[in-house]
Amino acid sequence: MCHGGPVPTAVSLPDDWPAHPDRSLSLNRMGSFDWDLLTGLMHMDAAALEVFDTDVGAYDGRPETLAARVPPDEAARLDGLVSSALKSGVDSYGAYFRIRCHDGTLRWTHTQGRVMRDPDGRPYRIIGIVRDATEELGHSAERLGLDEERRRQTSVVESTTAALAHARTVKDVIDALGDAHGLERLGSMGMVMGLVEAGRIHLVAEGPEGSFVPGTRYTRIDEQYPMSEVVRSLQPRFLDSAKEFAEGYPDLWAKISEMDISAAAYLPLIAQARPIGAIGLLYQDKDGFTQEERNLLVALGSSIAQSLQRAMLLEQEHDLAEGLQQAMLPRRIPSVPGADIAVRYRSARMGQDIGGDWYDVIPLPGGRVGAVIGDVQGHDTHAAAVMGQLRIVLRAYATEGHSPATVMARASVFLHELDTDRFATCTYVEADLATGVLQLVRAGHLDPLLRTRDGDCRRLAVEGGMPLGLSAEFGRLEYAVTTCELDPGETLLLCTDGLVEQPGTDLDDGIGHLTELVCAGPADLQKLADQLCGVIDERGGDDDMALLLLRRQVPDAPQGGGRLQQHVAPADPEALVAARHMIGAAVRAWGARERADEIELVADELIVNALMHTDGPAIVTLRVLPGDRRRLRVEVEDRSSALPRRRDAGEGGVSGRGLMLVDRLADVWGVDPRGGGKCVWCEFGLA
């Protein structure tokens, strides 16, 4: 039970709570408290409540009830001290603070707390004492540095330094100092700031709105301006009156005299013994500067200079990393007949948190195109360098004509053999724009999204494999190929996780949110890409992001032409399924729907024969031949020079019917020698 009221029964308190203090405490005007951190209840004995000028009957056992007794700035300092003790792992803390009595007077108080922790080091209880320290500090406030003016000055330095602690850009520094709170802390009505650049001072903050002086955006260091003077001398310049300002800098004063400036302080910003800029603080209704104020401003100048130098270094690092990243990405996206493409890259907000994300568009023979999105592990310049090598290698394997699964497997082996510990996630899509057939391979990456012509958007479930580098390390180089069709007007979206990851949400929620954005986005591809990047910019951009949008154009491929080619490896049933899918889609796209079944059956028979009777892959090619009569030609190449021959089907009828079907269904067929192998071909007349 706490003094003044019952303890709520819905909480569980320690068996030995509250602690019983020694009687000697009360005899020495000390009170005790026992704070259970799990329930939030704080027991205070009668002596402790007397220190807080609080009646026993008015206290309900909750610390917030005593908040009215502690001034806000004192409460913030005390809360920060206790929080620091709990987080840092120390066992005790002590502090002097003031409380406000019922009559309005302030009373100095001292507290000492002991933090109790469980076996895992988690704090669960604080037991301590409070005592009246007014008499103790009454004659030694100045000696202990607790007088009001010094406390105010210390508070200004601490609050300004805290505001600058999270500044990561020069603009952040300016915003922290120049907003209403920053100027209020400094007691100033306006601020100007300049940075030293190539022997000149570049004005980056202009003071109060409308106060910019024409011709001062860039000034020479040897000119007669206060900022130039403090940069040259490395000494602060305090102007105690308008008269001193006008006499010292008549040209500048003539342009700003209507601002009613009564005093100004110009401070050099010095980092590592060299000036990096200067800051000027302008005042109204101020009559000069005391020595304490001058010392305070000099100390602030040092803190501002350190924050500004850190921000400048972070910006330089970011520019270097971003430049490297941009150099590794494709300089331009090739024009691809039959497709509209939009790509975007957004770097992480600051520092070297940049590097691994990339996109690529690879023109391939036969009207096909390869689309790549990937992300190398890590956020640094090394990740960018690895990304550049991996992008070039993956492009080379694709243009050599390898199947999508082979492209991924070889890229994984390359990354594993590279002298790096990084892995990469990646999605590679080979798109035939004439038929809309997509062959997708995913290596530990996000699933793509598909937006239909009417604006609906859904997630494409693509069977995945291990990330590049890891699949080679663990000997799992078999990548599944998912085949689907992209209808005219539909859009494929590939992106890295920087577009979907949000603090406090899981990946599925992020993908769901992205799907909603794509559904509601504009139809124009470039505007859609910009809008999605805008969402990243609003979130603050804590991760880099790459985005690729590929839309199949609505005017389909001309029906009088077209060419497709597919490699089918032996003992690869998925490649055979993909080839069948491609053939069917091509036949329908080229206006031969009425003969689709015949063409698919004949092509399938020729491919199976090539795989069964040779020891190499089959290469199937479909073409629409030019001429007065439209004809579709199917060619299947293999490495065997042995010519096919017709055989009897036999009693079981399982084999021997292949060429019979070809002869019966095709309008014409034949065999041509091709180097070390042959090509079996057949043609079908189209309406």
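User: Contact means heavy atoms within 4.5 Å; which residues of α14 meet α13?

Analyst: This is a predicted model, in which local features need pLDDT of at least 70 and side-chain atom pairs count only at pLDDT 80 or more, while totals for chains, interfaces and linings use all residues. Residues are numbered from 1 along each chain as its sequence is written, and side-chain values use heavy atoms, with hydrogens and water left out. Helices (H or I, at least four residues) and strands (E, at least two) are DSSP runs numbered from the N terminus. From α13, Val386, Gln389, Leu390, Val393, Leu394, Tyr397 and Ala398 meet, in α14, Val407, Arg410, Ala411, Phe414 and Leu415.

User: At roughly what angle do the axes of α13 and α14 cross?

Analyst: Axes are lines fitted to C-alpha atoms, for helices over the stretch in contact, with angles from 0 to 180 degrees between N-to-C directions. The axes of α13 (residues 381-399) and α14 (residues 404-417) come within 9 Å, and the crossing angle is roughly 145°.

User: Which elements do the buried residues of α14 pack against?

Analyst: Buried means under 20% relative accessible area (1.4 Å probe, protein chains only). Among the buried residues of α14 are Pro404, Val407, Met408 and Leu415. Their packing partners are α13, β15, β16 (437-443) and α15 (470-473).

User: Is alanine 431 buried or exposed?

Analyst: Alanine 431 lies in strand β15 (residues 424-432). Not counting residues up to four places away in sequence, alanine 431 touches Gly367, Arg368, Val369, Val437 and Leu438. Because its relative accessible area is 3%, alanine 431 is buried.

User: What separates the C-alpha atoms of alanine 431 and valine 369?

Analyst: The two residues are 62 residues apart along the chain. The separation of their C-alpha atoms is 5.3 Å.

Note on methods
Buried means under 20% relative accessible area, exposed over 50%, partly exposed in between (1.4 Å probe, protein chains only). Contact means heavy atoms within 4.5 Å.
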